[in-house]
Structures are given as C-alpha cells and as structure tokens.
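Here is a set of questions and answers about how particular descriptions of a protein model follow from computed values. Please look at the model first.

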Amino acid sequence: MAKRMENGAGGGGGGRLMSNRLQIEIRSGEFTRTATLAEGAMIAAELPVYDRGGMLVYPVETDMKDEHGNTIKSVALQPITVPLMRQFMETAAEFVKYHPTLKTSVAVDPPEKTAKLILARHGFWPFPRIVGVMTAQSIDRQGNIIDREGVHEPTRLLFHGLPDLPPMPPHPTRDDALAALETLKGLLTEFPFVDPPEGTEGVSKSVAVAALISPLCRGADPHDPLFVVHAPTAGTGKSYLCKLVAAILTGRACPVVAYAVDEHEFEKRLNSALLLGSPVVSLDNVNGTLKSLLLCQALSEDSIQLRPLGTSIAVETEPRAFFMANGNNIAVTEDMTRRTLLIMMDRNEERPELQVFKQRPFDKIIADRGRYIAACLIIVRAYILAGRPGRLPQLANYEAWSDNVRSALVWLGCADPCDSMNEIIEEDDARQMLRALQAAWPEARNIRCSCAELIRAADGNDELKEVLEGIAGAKDGISAKALGKFLGKVKGKTQIHQMEVDGVVVPVKLKILKAKLSGGIQRWYLTDSKED
C-alpha cells in the first residue's frame with residue numbers, strides 16, 4: 001500500500017512527517033513492488049536522480065576558492081551508492097511496517113535490500129536519462145539558446161548551475177558576431193601563437209578561438225576534435241589557455257588528467273574522468289607521443305564501454321566531454337591525427353616561465369563569465385540564422401562541429417582551424433616512415449616480396465637499410481615480425497610522391513598492398529594502381 005501523508009506523528013520513535021510525503025508500507029513477498037513505489041516517490045519529489053549509461057548518478061555541486069579567494073562552483077556527476085539511495089528514499093517517502101504487537105504501522109528505515117534492488121534495476125528505471133552535465137548555456141542546431149535548468153530532452157544534457165547572461169540581440173547579425181569575436185580575441189592577446197612553416201597565417205589563434213567556443217555548442221555538436229596545445233618549452237602558457245576554456249564553460253579551472261606513457265595506466269585515469277561526466281578534461285604534460293584507443297573512441301563514438309573502478313561490470317556511456325591536451329613537443333600519431341587540431345605557441349625566450357599574463361584573462365572570465373558565454377553563442381547563432389553561408393566541406397566524425405563552429409569562424413575572416421591538421425600529419429612518425437619506405441622500395445612496382453626478402457634486399461642498399469632499421473630495428477638486426485606488423489598497419493594507405501615519369505616530374509600516388517599468400521608466406525608489393 002502507498003498513500004500520501006499529511007502532517008502528523010509517525011509511529012515507533014516519532015518525528016513529524018513531511019507534508020504530502022508518500023507513505024510506503026513494506027509487506028513480505030512484495031519486494032519488487034516496494035522498489036517500484038520508492039522510485040515513483042523519488043520521481044514525484046523531483047529528486048536529482050539520473051540514469052547515465054547504466055548507472056544512477058546525481059550532480060554534486062561544491063563551492064571552491066580560486067587562488068584569489070573567489071568562490072567558484074564545481075559540478076560533477078557522482079554514482080549513487082546504497083547509503084545515498086536510502087537517503088533519497090527517505091527524502092521522498094515514509095516507510096512503514098505493520099507491528100503485530102502494537103497492532104499498527106510504525107515508521108522504519110528505508111530497506112537496504114530495496115535500495116540495492118533499485119540500483120541494480122538497469123533497464124527498468126523511470127529516472128531521466130542523461131549523457132552529461134552542462135554548467136553553461138548552450139545552443140541547438142537551429143540556433144536556439146538552451147538556457148533552462150534541468151534535462152534538455154533533445155540532447156539529454158543536464159543543465160545545472162547556469163550563470164546569468166547579459167542582454168543578447170534576438171537576431172544577431174554578422175556585425176554582432178564580429179564584435180563578439182573581438183571580445184574573445186581580447187582574452188588571447190598575450191599568448192605567443194605561432195603558425196607552422198608554410199602554414200596558414202593565424203591558424204593557431206583561430207584554433208584557440210574555436211577551443212573557447214566549441215564546448216558551449218554541445219547542444220548542437222555531440223563531438224569535437226581534440227585540441228592540442230604545443231610549445232617547445234615549459235612556461236609558455238599552454239595550461240593557462242586550457243584554464244580559460246574551462247573557466248568559460250564551468251566557472252573554474254580545468255579538471256586535469258595526468259598523462260602516462262603506459263597506455264594501460266593512462267586509460268585507467270581517463271576511464272575515471274569519463275565516468276564522472278566532467279564537461280571538459282585536460283590531458284596535462286603530454287611530452288612525447290599521444291596515443292590511446294579509448295581517447296579515440298571518446299572523441300568520436302556515440303557510445304563507449306567503461307568499467308567503474310573496483311567492479312567487473314562494464315557500463316555503456318555516451319561521451320560528451322570536451323578534450324584538450326598540452327605538452328612540450330607533443331606529437332600525435334595513427335588514428336589521432338584525423339581527430340586533432342593544433343595550437344602552436346613559442347615565446348622564443350630562454351626563460352618563458354618568467355613571463356606573466358598582465359591582463360589576467362582568467363580573472364576577467366571569472367568576474368564576468370556571462371559576457372564571454374554570450375560572445376561564444378552570438379558567433380554561432382548569427383552564423384546559423386544567416387543560413388550558414390559558405391559552409392565548408394564537413395570534417396569526418398565532426399560534421400556538426402564543422403558546420404557550426406569551424407565554418408562560422410571562416411565566415412568571420414578567421415583561418416580555417418582544420419588547416420592546423422596539415423602540421424600534425426607531416427609530423428606523424430608512422431606516415432614519415434611509410435613515405436621513406438615507399439621511396440626506398442628495392443624493386444619495380446608490383447613485384448611481390450616477403451618481409452625476409454625485403455630485409456635481404458637491404459644488404460648493399462644503405463637507404464633501404466636505414467629505413468627498415470627505423471621501422472623494425474632489433475638487437476640482432478631487423479625484425480621480420482615487426483616489419484610485417486608495420487606493413488599490416490600501413491597497408492592501403494596512399495602517399496603522394498613527386499617522381500620523374502618520362503622525363504617529367506609528376507605527383508604519383510603510391511601505396512603498399514598485401515598479396516595473396518604464396519606457399520604460406522605473406523608477400524607485399526608497392527603499386528601506383530587502384531588495385532585493392
């Protein structure tokens with residue numbers, strides 16, 4: 001039995017009942033019914049219980065102090081434990097049980113076994129499903145501002161703790177967007193952006209502006225590329241730029257995941273950050289090569305499998321975090337190259353860490369956060385309402401981001417942020433090794449050879465030997481097994497070479513392909529044909 005209770009005395013120890021709190025009578029043999037009623041009571045009481053990827057979570061908001069004593073809010077999604085579920089049950093309902101001696105119902109604690117059942121009833125929960133939490137306003141694909149607290153049903157994002165925004169033009173124009181762009185650029189005047197050799201002028205600054213805007217467009221863009229901040233030395237401002245991005249989005253500094261060279265250890269740390277549902281994550285001090293299968297999945301897949309610490313059960317999560325990474329001479333490789341935008345900085349000074357940001361852009365954001373949120377939204381909203389003029393070819397896996405952020409910035413005269421990918425591709429070690437191997441391939445194209453034959457061909461061919469040692473060098477020479485593994489990874493990848501054909505230098509597309517097994521031995525060949 002379940003009924004509403006008005007104010008009155010509760011039996012067995014007393015205490016007054018909350019007005020209109022549901023009373024749930026516990027009966028033997030009605031285990032599932034009690035859980036169903038408790039869930040309904042929590043829904044009716046509008047308690048902050050949410051279903052996120054097979055876990056029940058709730059938003060935890062804490063007050064924090066920054067280095068200047070300012071109070072800032074921190075919000076994260078925390079898993080609900082059994083004791084906390086019992087607290088939610090008690091808040092929503094009064095649990096009673098018939099006392100045969102007293103011949104009346106008396107109040108009892110919320111049953112632990114009921115709390116455990118509720119937490120285990122994945123697939124039966126009536127609680128709202130969410131994919132993440134947003135602590136700033138956002139925009140949808142039609143250009144509408146999302147500014148209400150609670151769950152936004154189309155995106156299943158939980159909006160919580162939104163700041164006040166200044167008045168915004170109802171129909172922003174390109175001039176309004178240009179003024180908003182100058183507001184954001186004003187935060188970046190002291191950063192020593194540089195562009196890659198032979199690269200597009202202003203591309204690093206354009207990527208930095210895109211980093212400020214992109215996480216606020218989560219209502220329109222489910223995924224963003226990885227934004228990498230690279231500098232040759234420490235103290236250039238890499239982490240500080242990440243702080244600015246986080247300050248606009250969350251009102252606080254960026255949650256940091258320390259990078260580990262050991263991919264397994266790094267992915268354990270990343271797994272924990274993704275489970276918390278933080279809207280922005282910074283991978284800090286990535287000095288060297290960044291690679292991670294889990295990160296690749298989080299950057300582009302609609303759902304991924306995560307394993308809560310201390311459990312053997314995987315939960316399905318829809319990642320919505322905005323990722324940044326920073327490091328000295330950071331490099332990305334393999335599948336990360338097509339998921340990454342690059343911001344390059346260099347102060348060209350012996351002691352760059354002695355430089356200070358005199359304009360204190362982080363403090364400016366904290367003091368007037370709504371102004372910068374509005375500037376980001378005006379840029380994208382103006383572009384969408386203008387009909388997305390000059391929309392660029394979409395970037396694979398990031399089509400919505402390309403349509404709404406990238407194209408908007410180019411519309412306003414900024415460099416194309418995707419031009420920064422050219423430098424990443426050129427710096428990709430695997431790509432460079434493939435290019436070198438294609439150039440040093442010993443025989444005419446389309447001649448099949450095994451890994452062992454390729455290694456033997458390096459005798460007397462210094463160029464080929466150097467390339468093979470770089471790819472598969474081992475203590476006892478060149479490893480045929482490692483070479484075969486490399487060839488399997490680069491199979492079918494096309495590289496353009498400038499080659500002389502009939503006395504004329506022309507671009508030729510070359511790729512390495514795998515031939516059918518011959519006598520149980522795998523053979524490889526280089527071709528400029530379209531053969532698969």
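Q: Why are H15 and H16 called roughly perpendicular to each other?
A: In this predicted model, the axes of helix H15 (residues 462-472) and helix H16 (residues 480-490) cross at roughly 85 degrees and come within 9 Å. Angles of 65 to 115 degrees count as roughly perpendicular, and H15 and H16 are therefore described as roughly perpendicular to each other.

Q: Which residues make the contact of H15 with H16, and what is its make-up by class?
A: Leu-468, Ile-471 and Ala-472 are the contributors from H15, and they meet Ala-482, Leu-483 and Phe-486 of H16. Ala, Leu, Ile and Phe are among the residues that count as nonpolar, and the contact accordingly has 6 nonpolar, no polar and no charged residues.

Q: What makes H10 and H11 roughly perpendicular to each other?
A: Helix H10 (residues 369-385) packs against helix H11 (residues 399-411) at an angle of about 90 degrees, their axes being 9 Å apart. That angle is set against the range of 65 to 115 degrees, and the two helices, H10 and H11, are therefore roughly perpendicular to each other.

Q: How many nonpolar, polar and charged residues are in the contact of H10 with H11?
A: On the H10 side are Ile-379, Val-380, Ala-382, Tyr-383 and Ile-384, and on the H11 side are Asp-403, Asn-404, Ser-407, Ala-408 and Trp-411. By class, this contact has 7 nonpolar, 2 polar and 1 charged residues; Asp is among the residues that count as charged.

Q: Why is Glu-318 called buried?
A: The relative accessible area of Glu-318 is 18%, and buried means under 20%, so Glu-318 is classed as buried. Glu-318 lies in the loop between strand S19 (315-317) and strand S20 (322-328), and, not counting residues up to four places away in sequence, touches Arg-129, Val-131, Arg-156, Asp-302 and Ser-303.

Q: What joins the side chains of Glu-318 and Arg-156?
A: A polar contact of 2.9 Å joins these two side chains, those of Glu-318 and Arg-156, and the cut-off for such a pair of N or O atoms is within 3.5 Å.

Q: Which residues have the most contacts inside the largest nonpolar core?
A: They are Ile-213 and Phe-323, in a core of 109 residues, to which H10 gives the most, with 11 residues. Leaving aside neighbours within four places in sequence, Phe-323 is in contact with residues including Pro-225, Leu-226, Phe-227 and Leu-270.

Technical notes:
Residues numbered from 1 in each chain as written. Predicted model: local features only at pLDDT ≥ 70, side-chain atom pairs only at ≥ 80, totals over all residues. Heavy atoms only, no water. Helix = DSSP H or I, 4+ residues; strand = E, 2+ residues; numbered from the N terminus. Buried < 20%, exposed > 50% of the residue type's maximum accessible area, 1.4 Å probe, protein only. Polar contact = N/O pair within 3.5 Å; in protein donor to acceptor, adjacent residues only side chain to side chain. Contact = heavy atoms within 4.5 Å. Axes fitted to C-alpha atoms, helices over the stretch in contact; angles between N-to-C directions. Parallel < 35°, antiparallel > 145°, perpendicular 65-115°, else oblique. Core = buried A, V, L, I, M, F, W, Y, C linked by side-chain atoms within 4.5 Å.
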